[in-house]
Amino acid sequence: MANTDADSVVPQHWLTRQMELAAQGFAMVVGAVRPDERGLEPRLRRAWQALHRLDEGHPHVHGANLGLSLDACLQVGGFPAVSLHEDVLLVEAVQQAGFRWCATTTTLVTTSSRRRGRLSGGFADFLDGLDDPASAS
């Protein structure tokens with residue numbers, strides 16, 4: 001299974017790279033994202049970069065860039081029925097179940113840099129919060 005968001009753009013090799021990693025034995029591929037720079041003010045881009053490692057083994061979870069084997073997904077019950085952070089909960093469940101996984105930037109996805117979203121507490125709110133120095137600490 002490959003998961004992204006409607007407001008994201010995946011690289012041309014996105015699916016084939018996930019399949020390569022699956023062939024290497026990874027049941028889950030946790031990819032990185034970056035906000036679309038065309039809609040992101042320079043100060044917010046700098047704040048984003050200060051908080052996000054874009055390297056192999058990164059600690060970030062984004063549903064806009066996530067791949068899972070069907071077996072792993074089914075064994076942990078799939079995406080939980082919650083309105084927020086279902087991607088984080090799914091990744092944690094797969095990790096706790098002992099499946100082999102990797103965090104990679106080789107499938108880097110560009111996602112919307114909008115600062116108003118459908119959900120309170122989602123990615124748009126995170127970007128909007130970068131304007132507040134207290135939230136960046």
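Helices are DSSP runs of H or I spanning at least four residues, and they are numbered from the N terminus. The views below show a predicted model.

**View 1. Helix H4 and the residue that follows.** Helix H4 covers residues 86–96, and its buried residues are Asp87, Leu90, Val91 and Val94. Seen down the axis of H4, these buried residues fall within an arc of 100 degrees, so they line one face of the helix. In an α-helix, 3.6 residues make up a turn, so residues three or four places apart point the same way. The cover over the buried residues of H4 includes S3, S4 and helix H3 (70–75). Just after H4, Gly98 adopts a positive phi of about 90 degrees.

**View 2. The buried face of helix H1.** Trp14, Arg17, Gln18 and Leu21 are the buried residues of H1. Viewed along the axis of H1, they too fall within an arc of 100 degrees, so they line one face of the helix. Met19 and Ala23, on the other side of H1, are exposed. The packing partners of the buried H1 residues are strand S1 (2–3), strand S3 (28–35), strand S4 (66–68) and strand S5 (101–111). Just after H1, Gly25 has a positive phi of about 105 degrees.

View 3. Gln18 belongs to helix H1, which comprises residues 14–23. Gln18 has a relative accessibility of 7% and therefore counts as buried, because the cut-off for buried is under 20%. Leaving aside residues up to four places away in sequence, Gln18 touches Met1, Ala2, Val29, Asn65, Leu66, Gly67 and Thr107.

**View 4. Arg100 over the ring of Phe26.** The charged end of Arg100 is placed over the Phe26 ring, 4.0 Å from the ring centre. A search for aromatic pairs across the whole structure returns zero.

**View 5. Cys73 and Cys102.** Cys73 has a relative accessible area of 5% and is therefore buried. Cys102 likewise counts as buried, at 13% relative accessibility. The disulfide count is zero, where a disulfide would require a pair of cysteine sulfur atoms within 2.5 Å.

Note on methods: Residues numbered from 1 in each chain as written. Predicted model: local features only at pLDDT ≥ 70, side-chain atom pairs only at ≥ 80, totals over all residues. Heavy atoms only, no water. Helix = DSSP H or I, 4+ residues; strand = E, 2+ residues; numbered from the N terminus. Buried < 20%, exposed > 50% of the residue type's maximum accessible area, 1.4 Å probe, protein only. Contact = heavy atoms within 4.5 Å. Arc of directions from axis to C-beta. Phe/Tyr/Trp six-rings, centres within 6.5 Å; stacked < 30°, edge-to-face > 60°. Lys NZ or Arg CZ within 6 Å of the ring centre and 35° of its normal.
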